[in-house]
Amino acid sequence: MSARISAGVFTSHVPAIGVAMDLGKTGEPYWQPLFAGYEPARAWMRDNTPDAVILVYNDHANAFGLEMIPTFALGMAANYEPADEGWGPRPVPAVAGHPELSAHIAHSVIRQDFDLTLVHEMTVDHGLTVPLSIMFGQPPVWPCPVVPLAVNVVQYPVPSGRRCLQLGQAIRRAVESFDDEINIQIWGTGGMSHQLQGARAGLINQPWDTAFMDRLIADPADLAAMPHIDYVREAGSEGIELVMWLIARGAMADCAETASQKSGPDMSPRVVHRLYHVPASNTAVGQLILEDCA
Ligand code: DHB
Ligand code: FE
């Protein structure tokens with residue numbers, strides 16, 4: 001038996017959320033409603049802890065910089081140390097990798113014509129550690145290994161929604177050919193609407209964010225055709241982080257490109273949790289858990 005994708009998890013990565021946890025401020029009036037909103041997702045995660053997470057996220061000029069901008073960078077390492085700008089490295093456990101799964105994904109996905117950058121040594125910033133904290137809380141050790149997939153959404157040109165969806169499809173094929181019967185979740189992170197600089201700093205567009213989640217659930221192929229300019233105009237300059245959610249969504253059963261699935265039973269994922277909250281820092285916060293139907 002091979003590995004399988006059991007769920008897609010989608011969540012914002014606002015750094016202030018991690019800092020609120022690190023400084024013990026989650027019970028303060030500003031943060032309490034958000035963390036109350038996270039409770040159902042954490043309860044689901046306690047009951048559905050995977051054997052590994054493929055965590056799609058973006059680095060914010062910590063592991064990479066203007067001297068090197070990989071579009072899709074797959075972590076190959078056994079260990080990733082936290083690093084961050086702003087508040088500095090978070091006081092969270094180092095992240096254990098899964099080198100065998102990474103190597104298999106690299107072989108499979110590159111042979112499916114996706115020329116990934118393979119990174120054997122890198123740090124991970126709030127883009128990766130805040131989603132872990134949101135989903136797992138504050139354990140002394142993260143409950144499962146993580147395969148990081150860093151996507152450039154910081155420096156243009158950034159990958160298209162269509163390419164992201166296709167990469168997710170390729171990752172699903174890789175997982176289904178991994179010769180170990182493990183339960184893997186794929187996480188798409190970043191977003192939702194936010195702009196951190198310029199005249200529109202603080203922009204939040206709730207109707208657009210809501211429609212994005214609706215379309216991500218119901219018609220990801222149509223959503224994947226949306227051009228970058230729409231993200232920037234409607235969701236702000238940093239709203240483009242949302243394009244990463246399409247990688248995780250593309251890895252789910254109903255996006256698999258096989259004839260049997262096109263003509264077969266409905267493979268749509270089950271929505272087990274959905275959250276939208278404003279404000280957290282300058283950013284609208286969204287969260288979705290979709291259980292795979294395969
Ligand atoms: C904020 C959001 C981000 O996605 C980020 O990377 C940094 C800051 C914010 O809302 O403050
Ligand atoms: Fe960000």
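How far does a polar side-chain atom of histidine 126 lie from an oxygen atom of ligand 1, and what else is there around this ligand? The distance is 2.8 Å.

Before going on, note that this is a predicted model, where local features need pLDDT of at least 70, side-chain atom pairs count only at pLDDT 80 or more, and totals for chains, interfaces and linings use all residues. Residues are numbered from 1 along each chain as its sequence is written, chains are lettered from A and ligands numbered from 1 in the order in which they are written, and side-chain values use heavy atoms, without hydrogens and water.

**Stop 1: ligand 1**

Select ligand 1 and the residues around it: His13, Val14, Pro15, His60, His126, His194, Leu196, Glu241, Ser281, Asn282 and Thr283. Each has a heavy atom within 4 Å of the ligand. By class, three are nonpolar, seven polar and one charged. Here Ala, Val, Leu, Ile, Met, Phe, Trp, Tyr, Cys and Pro count as nonpolar, Asp, Glu, Lys and Arg as charged, and the others, Gly among them, as polar.

Now show polar contacts (pairs of N or O atoms within 3.5 Å). A side-chain N or O atom of histidine 13 is 2.9 Å from a ligand 1 oxygen. For glutamate 241, a polar side-chain atom lies 3.3 Å from an oxygen of ligand 1. On its own, ligand 1 has 290 Å² of accessible area, and the protein covers 89% of it (Shrake-Rupley method, 1.4 Å probe).

**Stop 2: the iron ion**

Select ligand 2, the iron ion. Its protein donors are His13 (NE2), His60 (NE2) and Glu241 (OE), 2.0 to 2.3 Å away. Donors are N, O and S atoms within 2.8 Å of the metal (3.2 Å for Na, K and Ca); water is not among the atoms, so sites may look incomplete. Along the chain, the spacing is H-x46-H-x180-E. Histidine 13 sits in the loop between strand 1 (4–11) and helix 1 (15–22), and histidine 60 in the loop between strand 2 (52–57) and strand 3 (72–75), so the pair ties together parts 47 residues apart in sequence. Helices (H or I, at least four residues) and strands (E, at least two) are DSSP runs, numbered from the N terminus.

**Stop 3: backbone**

Go to alanine 61, in the loop between strand 2 and strand 3. Its phi is positive, about 65°, although alanine 61 is not a glycine. Next, find the cis peptide bond from glycine 191 to methionine 192, with omega near 0°. End at valine 278 and proline 279, joined by a cis peptide bond with omega about 0°.

Notes: A polar contact is a pair of N or O atoms within 3.5 Å; within protein, one must be able to donate a hydrogen and the other to accept it, and residues adjacent in sequence count only if both atoms are side-chain atoms.
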